[in-house]
Amino acid sequence: MLRLCLPLCCAAACLAGAAPAGTVIQNQASAQFSLPGGGAGLVNSEPAQLLVNAVCRVQVTPDGTPQAPGQRLTVRAGEPATLRYELSNAGNGPATFTLSAQALDGAFTPNLTTFVDANGDGQPQPGEQAEQLTLGAGASAAVLLVAVVPAGASGAALVNLTAQCPGGAQDDNNVAQLVATPPPHLELRKAFGAERLRPGDQTGVTVTATNTGAGAAPDVVLEDPLGQQLDAGLAYVPGSARTDRGRLEYSADGASWQAAEPAAVRGVRVQAGTLEPGEQTTLTFRMEARPSAENLLLNNVATVSSVTGEGAQASDTLDVRFLPGVALGPLGQPLAPEGTAADGQTLVFAVTGEPACFDHTVQNTGDVTDMFRLSVSVTQGQATPQLLGAAGEPLPQPFTLAPGEQRQVRVCYDLRSAQPLTAQVIAQGERGTSNATADLIRRVETQRPGLRKTVSKVGAPDWAPGSAVTSGDELEYTLSVTNPYAQPLAGVQVLDPLPAGTEFVSASDGGALLGAASAAQVAWTLGDLPAGATRTLTLRVRVGRDVRDDQELRNVFELTSSELPAPLHSNAASAVVWNTAPLLSKTLDRRDAAPGDLLTYTLTLKNPSASTALVDLVITDTPAAALKYVTGTSRLAGVPTADPAENGGELQWRVPRLGAGESLTLSYGLRVLPGAAGELLNTAVLRGYGEQTHAVAVASNRAQVSATLKLLNFAPLGDVLGTVYLDANGNRRLDEGETVLSGARVALAGGRLALTDSRGRYHFGNVDLGTQALRLDLGSVPAVRDPGTQVVQVQGLTTVDFPLRALAALQVKRDLRVQVGELTLTKRLTEIPGGYRVTTTLQSPVALAEVAWTDPLPAGAALVSGQNVRRERLSAGSTTWTYDLRWSGPPSAALTDPVLKVVK
């Protein structure tokens with residue numbers, strides 16, 4: 001059997017298998033046969049060799065035909081579209097292919113460019129544009145065909161990508177379809193809710209994005225950064241952002257975004273998604289102007305964008321400021337146009353010495369509270385302006401007005417010459433605004449009309465104005481009006497308000513009663529008052545029952561005329577009501593007396609008024625000639641008080657105040673003098689003034705008491721007493737603050753001696769009546785002038801004082817006075833040879849159970865006489881302690897501070 005073996009492929013077949021170019025293909029046939037009788041045999045042919053040549057083949061996918069395009073893209077007019085292909089080298093060797101693109105028939109012709117996607121990102125990149133591509137056998141690469149659709153294009157167009165081998169073989173069935181749609185167009189509007197915003201107010205912000213194109217805008221983002229506004233003082237109002245679609249996001253730093261609203265918002269945006277043609281999205285929020293934003297122009301820019309690259313910006317400007325304003329004009333007309341006749345006031349006539357007043361209204365016409373000041377500029381004439389409130393009170397400056405608020409002000413001119421007056425009143429706001437109005441007085445006279453008013457008590461011709469009246473009394477007021485000018489006064493009117501607490505009785509010349517009882521007034525319409533003429537009017541009133549004591553019935557009438565619209569006022573005529581008078585009673589501790597007896601009188605003062613106190617009361621007592629006041633015996637309400645003033649045989653005490661309904665007692669002692677006989681009559685009266693008016697003296701009843709003199713009850717002996725003191729002012733009276741001298745020796749003719757006590761007082765009892773002589777021992781007192789011997793006529797109780805005058809060497813160095821409650825401590829330091837004399841006086845209105853007094857000596861001083869430490873019980877009144885010390889130190893250190901401990 002013969003078997004023929006052939007190679008697996010022929011040369012053509014091997015070529016078809018794309019053997020690499022340059023490959024040698026060897027082919028040899030062999031025959032195998034069987035030998036008869038067994039065995040096999042093999043016969044080979046001569047080998048045949050074939051060299052494989054390079055064959056170029058190219059393949060591009062995806063394929064496509066005009067009838068069945070391999071790719072279909074929807075493209076917005078004016079935008080690029082990218083078609084993605086894969087090119088493969090299907091030949092048996094490396095080849096460089098030529099790339100070309102063709103626009104086939106269609107509704108538009110795109111601009112075509114080929115790219116080799118070297119980085120494989122599927123997007124054309126700069127540097128990747130290519131018209132040739134070299135690939136090894138079996139290799140492939142991504143090829144991009146970018147088609148730019150003309151603006152305004154619509155409909156469909158076919159494009160094709162062709163890849164060609166150098167030898168002409170090509171792949172050209174790669175048709176794709178482009179469908180052009182209209183592009184989107186985004187427009188943006190932004191607006192603040194107001195062109196101007198006051199600090200502290202809020203405004204809305206509206207940002208609206210609209211797709212006005214014919215194509216959809218995908219992934220639209222509406223964004224409004226707020227950082228610059230926040231830094232300038234325009235703050236986002238928390239929680240105020242709203243949108244009608246999409247998702248709100250916020251930024252706390254202006255860069256990153258989050259869904260939750262942070263504490264400080266520096267940006268707001270909306271992820272709006274796709275806006276179809278004609279659709280829009282709106283973002284709204286609110287902003288508040290802080291004080292730091294005042295007087296700033298704030299611009300804010302918002303943006304809208306889409307992944308298509310479409311975008312827009314919009315901005316708006318907000319003026320942050322107040323608009324202050326002020327208007328000033330005649331009363332009720334603050335908005336009168338500036339500089340017009342309506343913006344001024346005119347008085348035809350005024351009088352020097354009488355205020356000429358104009359009422360004005362000032363208004364805050366701005367939108368912010370402001371503080372205002374008014375000033376007056378007199379441009380003609382001479383006058384002093386005064387700024388007042390509506391009620392005539394001084395105008396506080398500056399004053400505050402809220403927006404729209406008004407205030408009435410009055411400007412009164414004190415005219416100082418007969419020149420006409422022109423003035424400008426100016427209102428100035430602290431925020432820089434101002435407004436003015438004009439005041440004009442055409443004629444000024446230097447003489448005012450004669451206005452005189454008097455009052456009399458009906459039926460009491462001896463009654464003097466200012467004296468007291470009681471309920472039921474009738475008072476008649478006389479009003480006199482004189483025109484002093486050379487021309488008549490027109491439209492003269494007189495108005496007389498009735499004093500409070502009075503009732504109208506009658507009025508002359510047709511005077512008419514007007515108003516309620518609590519505000520009644522009588523008016524006269526006199527018409528014209530000729531030049532130089534005088535009119536006299538009368539008004540009669542009755543004092544009412546409900547008036548209180550010390551109430552002043554004060555009456556002033558006023559005059560106006562056409563030329564003098566501001567009221568001129570007359571003098572005041574007054575009477576004071578006293579329905580109750582103070583009461584005074586007097587008692588005596590005994591009815592029988594003899595020469596030398598001490599009689600104690602007690603006066604009881606009572607103020608029966610329930611409404612007012614009496615002040616500056618004077619009690620006057622007129623004792624009989626045989627009675628002599630005893631020094632130091634006066635007690636007011638049981639407390640020692642000053643001795644009375646003695647004048648012409650009268651004793652006068654002064655009481656500062658006696659309250660309503662209060663009573664007070666005054667006691668004092670009188671000594672019966674030798675030679676007294678018969679009845680000893682003693683009469684007292686009280687006079688005071690009302691606390692409110694202090695305009696009328698109120699006299700009490702007369703209080704009298706008498707004592708009967710009984711002689712020969714004892715021997716005719718008398719007492720001599722007196723005080724030794726330094727008479728600093730030389731008036732020979734012991735005045736407050738003058739130094740009394742304790743321990744001074746007084747000698748009575750006949751050899752009797754007496755020492756002065758702590759109050760400087762001495763006493764000789766049982767002294768024969770008649771002439772006696774007394775002398776002061778100069779060795780017992782500081783260096784003083786010799787007072788000489790005093791000769792007196794002793795009659796009962798006789799007073800002989802020794803007012804001493806210090807020599808030049810006796811000088812007061814320093815006084816110390818301390819007031820603690822009711823206690824007064826006075827320390828006086830006087831220089832004596834080799835040291836000082838210290839005199840300390842303690843005054844107390846009440847008795848003191850125990851007084852501990854220590855007066856430290858200056859360092860290095862020595863006590864010479866007296867005591868600087870005492871502990872004793874003291875009676876009410878004045879107590880004086882004296883001691884001497886030796887001291888050579890400086891005078892400024894000689895006076896020390898005493899220590900006083902008191903137990904009442």
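**Entry 1. Ground rules.** I worked on a predicted model, in which local features need pLDDT of at least 70 and side-chain atom pairs count only at pLDDT 80 or more, while totals for chains, interfaces and linings use all residues. Residues are numbered from 1 along each chain as its sequence is written, and side-chain values use heavy atoms, with hydrogens and water left out.

**Entry 2. Aromatic pairs.** I counted pairs of Phe, Tyr and Trp rings (the six-membered ring for Trp) with centres within 6.5 Å, calling planes under 30 degrees apart stacked, over 60 edge-to-face and the rest tilted. The structure has 11 aromatic pairs. I looked up Tyr-236 with Phe-285, which is a tilted pair at 6.2 Å centre to centre and 45° between the planes. Because Tyr-236 belongs to strand 20 (residues 234-236) and Phe-285 to strand 24 (residues 280-289), this pair ties together parts 49 residues apart in sequence. Strands here are DSSP runs (E, at least two residues), numbered from the N terminus. Both Tyr-236 and Phe-285 are buried; I took buried as under 20% relative accessible area, exposed as over 50% and partly exposed as in between, with a 1.4 Å probe and protein chains only.

I then turned to Tyr-601 and Tyr-668, whose rings are stacked, 5.8 Å centre to centre with 15° between the planes. Tyr-601 is in strand 50 (residues 598-606) and Tyr-668 in strand 57 (residues 663-672), so the pair joins parts that are 67 residues apart in sequence. Tyr-601 counts as buried at 0% relative accessibility, and Tyr-668 is buried at 1%. Ring pairs also link Tyr-601, Tyr-629, Trp-653 and Tyr-668 into a cluster.

**Entry 3. Charges over rings.** My criterion was NZ of Lys or CZ of Arg within 6 Å of the ring centre and within 35 degrees of the ring normal. The charged end of Arg-407 sits over the ring of Phe-399, 5.2 Å from the ring centre. That of Lys-453 sits over the ring of Tyr-477, 4.9 Å from the centre.

**Entry 4. Cavities.** I searched a 1 Å grid over the protein atoms alone for sets of points where a 1.4 Å probe fits but cannot get out, with lining residues having an atom within 4 Å of a point. I found two cavities of 30 Å³ or more. The largest cavity holds about 80 Å³, a volume being the space filled by probe spheres set on the points, which are joined across faces, edges and corners. Its lining includes Phe-349, Glu-354, Pro-355 and Leu-564. Strand 28 (residues 344-351) gives the largest share of that lining, four residues.

**Entry 5. Single residues.** Gln-177 is in strand 15 (residues 175-181) and is buried, with a relative accessible area of 14%. Beyond residues up to four places away in sequence, Gln-177 touches several residues, among them Pro-69, Arg-72 and Leu-158; contact means heavy atoms within 4.5 Å.

Ser-561 lies in the loop between strand 45 (558-560) and strand 46 (568-569). Ser-561 is buried at 6% relative accessible area. Apart from neighbours within four places in sequence, Ser-561 contacts Leu-489, Ala-490, Gly-491 and Val-492.

Ala-118, in the loop between strand 10 (111-116) and strand 11 (132-135), counts as exposed at 69% relative accessibility. I noted 121 Å between the C-alpha atoms of Ala-118 and Asp-549, which are 431 residues apart along the chain.

Definitions and conventions. On a 1 Å grid over the protein atoms alone, a cavity is a set of points where a 1.4 Å probe fits but cannot get out, and a pocket is an open set with protein on both sides within 12 Å along at least five of seven lines; lining residues have an atom within 4 Å of a point.
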